[in-house]
Amino acid sequence: MAVRKIVLEGDELLRSRCGEIARFDKELWNLLDEMAETLYGTGNGVGLAAPQVGECRRAVVIDVGEGLMELCNPVILSKRGKQTGSEGCLSCPGEYGIVTRPRKVRVRAQDRHGAFYIVKGEDLLARALCHEIDHLDGHLFKDIAERMLDPDEEE
Ligand code: NI
């Protein structure tokens, strides 16, 4: 396993639509392991999408403090409510913006063996799920931020 270099804004990879994962094999497991190691290596991230480590594939890891979640081919099934708050991205270091997201989401994904499961996320988890799934379609939080924060407003 290795910590991967995080791809920064400006790289075309972050603007690409990532391909579905079809093979749930050791190579995928290695990618997921390295994504988790890279996420934890940042010390402050709550999620990471595969294109952020240079792989245009539909894989996401998230840990909002409740343990590691691995999502392959995640799809948002439903959204409810709204939350507005500050958001950042490991690919846009030092930048934060105000983003409105659903307060609750229901997501279908596959685990590392290909088994389908459902995740229900509220609050921070809902925000993280939306943010990371956006990455898989080439979208960054800055695209939908109502405004970016000035450095002295940052949390
Ligand atoms: Ni991000």
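Predicted model: local features only at pLDDT ≥ 70, side-chain atom pairs only at ≥ 80, totals over all residues.
**Exercise 1. The nickel site**

Find which residues coordinate the nickel ion, and through which atoms.

Solution. 
- Step 1. List the donors. Cys89 gives SG, His131 gives NE2 and His135 gives NE2.
- Step 2. Check the distances. They run from 2.0 to 2.3 Å.
- Step 3. Read the spacing of the donors along the chain. The pattern is C-x41-H-x3-H.
- Step 4. Look at accessibility. His131 has 7% relative accessibility, so it counts as buried. His135 has 1%, so it is buried too.

**Exercise 2. Counting disulfides**

How many disulfides does a search of the whole structure find? Explain the result for Cys18 and Cys72.

Solution. 
- Step 1. Recall the bond. A disulfide is a covalent bond between the sulfur atoms of two cysteines.
- Step 2. Set the cut-off. The two sulfur atoms must lie within 2.5 Å.
- Step 3. Give the count. The search of the whole structure finds 0 disulfides.
- Step 4. Cys18 is buried, at 3% relative accessibility. Cys72 is buried as well, at 0%.

**Exercise 3. The nonpolar cores**

Say which residues of the largest nonpolar core touch the most other members. Then find which element gives the most to this core.

Solution. 
- Step 1. Start with the size. The largest core has 17 residues.
- Step 2. Pick out the residues that touch the most other members. They are Ile62, Met69, Leu71, Val107, Val119 and Leu129.
- Step 3. Name the elements that give two or more residues to this core. They are strand S2 (59–62), strand S3 (69–80), strand S6 (104–110) and H2.
- Step 4. Find the top contributor. H2 gives the most, with 7 residues.
- Step 5. Zoom in on Ile62. Leave aside its neighbours within four places in sequence. Its contacts then include Leu39, Val46, Met69, Leu71, Leu125 and Leu129. Glu132 is also one of its contacts.
- Step 6. Look for another core. A second, separate one has 14 residues, among them Leu28, Leu32, Met35 and Leu90.

**Exercise 4. The largest pocket**

State how much space lies in the largest pocket. Which residues lie nearest its centre?

Solution. 
- Step 1. Take the volume. About 540 Å³ of space lies in this pocket.
- Step 2. Count the lining. There are 24 lining residues.
- Step 3. Go to the centre. Asn44, Gly45, Gly88, Cys89 and Tyr96 lie nearest to it.
- Step 4. Link this to Exercise 1. Cys89 also coordinates the nickel ion.
- Step 5. Assign the lining to elements. Strand S4 (83–88) and H2 each supply at least two residues. H2 gives the most, with 6 residues.

**Exercise 5. Positive phi**

Describe the phi angles of Asn73 and Asp123. Is each residue buried or partly exposed?

Solution. 
- Step 1. Know the rule. Most residues other than glycine have a negative phi.
- Step 2. Take Asn73. Its phi is positive, about 50 degrees, although Asn73 is not a glycine. Asn73 sits in strand S3. With a relative accessible area of 7%, Asn73 is buried.
- Step 3. Take Asp123. Its phi is also positive, about 55 degrees, and Asp123 is not a glycine either. Asp123 lies in helix H2. At 36% relative accessibility, Asp123 is partly exposed.

**Exercise 6. Apart in sequence, distance in space**

Solution. 
- Step 1. Val3 is 38 residues away along the chain, and the C-alpha atoms are separated by 7.1 Å.
- Step 2. Leu124 is 59 residues away in sequence and 9.9 Å away in space, C-alpha to C-alpha.
- Step 3. Arg112 is 87 residues away in sequence, with 7.9 Å between the C-alpha atoms.

Conventions: Residues numbered from 1 in each chain as written. Heavy atoms only, no water. Buried < 20%, exposed > 50% of the residue type's maximum accessible area, 1.4 Å probe, protein only. Donors = N, O, S within 2.8 Å, 3.2 Å for Na, K, Ca; no water. Core = buried A, V, L, I, M, F, W, Y, C linked by side-chain atoms within 4.5 Å. Helix = DSSP H or I, 4+ residues; strand = E, 2+ residues; numbered from the N terminus. Contact = heavy atoms within 4.5 Å. 1 Å grid on protein atoms, 1.4 Å probe; cavity = no way out; pocket = protein on both sides within 12 Å on 5 of 7 lines; lining within 4 Å. Points joined across faces, edges and corners; volume = space filled by probe spheres on them.
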